[in-house]
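Q: I would like to look closely at one part of this structure, step by step.

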Amino acid sequence: MKIAVVGATGLVGTVMLKVLEERNFPLTELIPVASEKSVGKEISFKGKKFAVVNMETAISMRPDIALFSAGGSTSLEFAPRFAEAGTTVIDNSSAWRMDPSKKLVVPEVNGHTLSIDDKIIANPNCSTIQMVVALKPLHDKYRIKRVVVSTYQSVTGTGVKAVEQLMNERKGITDGPMAYAYPIDLNVIPQIDVFTENGYTKEEMKMILETRKIMGDDSIRVTATTVRIPVMGGHSESVNIEFESEYDVAEVREILERTPGVIVVDDIANLKYPMPMDAHEKDEVFVGRIRRDESLPNTLNMWIVADNLRKGAATNTVQIAEYLVSKELI
């Protein structure tokens, strides 16, 4: 089992390698891939050193699976070439997500849709992944009509430059590299990605469109406001869900407690609820503040938190690979 990690030296690629090691993924050969400026650098994996190679070399090595985290333009150019060489590509960029010929997969939600013919598989947006993991079992039981979500997203979702900006600002350094148009420390920026013609950002539209595709139900109405906040460790979401039928709050809690990949942290008497600092470096989706929306019938409020670099990116990618291996789809 040859595994290539494309973008191995980047923020998500580094976490992918860590997750592969932690979960003891059954690989026999690791191929770290990065841009030309990183070729020859060594990365450590399970106590061994591996030299970074370029795209052409990696394609010629014909890996079984290539985990991509190198940006949309890179994926559009090279994912088809890996696929043509017989490699199954799992791509973490937005390049293939809304392509009707490609599957958009969260294993706990729609892994069963994968087949041996899927050679390019899209990994969803980080904020979408954690939401649908919690929504799917509730949709199965009560049928979701509408979702209103507001996100509170970590700077790690932007990348290393954003982390540097936040840390510099914490130290009083104001002339360092800027990932955002404004200071992020002691601030909140209600814009993630660029604005589209309808006034929503691309991040907001991703959540709207990707949720329907993953859940396999275009009738679900979704509206989103995505916000960048000065935290590390994970994304948080306030989610308001309108169901077609009446529900019981205790039953909702029981359903979520039984859901693979979900941990319910909801004990307000002892001030227990999910926070990014608790989700940091964890693979699960944490759900709390489960309560009835008393302003509308059949409507529920929840708070959802997950580590955006792990379940929101690297872990979900590796879980797709694990699913393919377990079902002998490689």
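Q: How many residues does helix α7 have, and how far does α7 reach from its first C-alpha to its last?

A: This is a predicted model, in which local features need pLDDT of at least 70, side-chain atom pairs count only at pLDDT 80 or more, and totals for chains, interfaces and linings use all residues. Residues are numbered from 1 along each chain as its sequence is written, and side-chain values use heavy atoms, with hydrogens and water left out.

Helix α7, residues 202-215, has 14 residues and reaches 20 Å from its first C-alpha to its last, close to the 20 Å expected at 1.5 Å a residue, where the expected span is 1.5 Å times one less than the number of residues. Helices (H or I, at least four residues) and strands (E, at least two) are DSSP runs, numbered from the N terminus, and the protein has 10 helices and 13 strands.

Of the 14 residues of α7, 10 are buried, where buried means under 20% relative accessible area with a 1.4 Å probe, protein chains only. Among them are Met205, Met207, Ile208, Ile214 and Met215, and also the charged Glu203, Glu204, Lys206 and Glu210. These buried residues pack against α4 (107-110), α5 (126-142), β8 (144-153), β9 (221-228) and β10 (235-243), with contact meaning heavy atoms within 4.5 Å. Just after α7, Gly216 takes a positive phi of about 70°.

For the protein as a whole, 54% of the 330 residues count as buried, and among contacts between residues at least 6 apart in sequence, 67% join residues at least 24 apart.

Conventions: Buried < 20%, exposed > 50% of the residue type's maximum accessible area, 1.4 Å probe, protein only.
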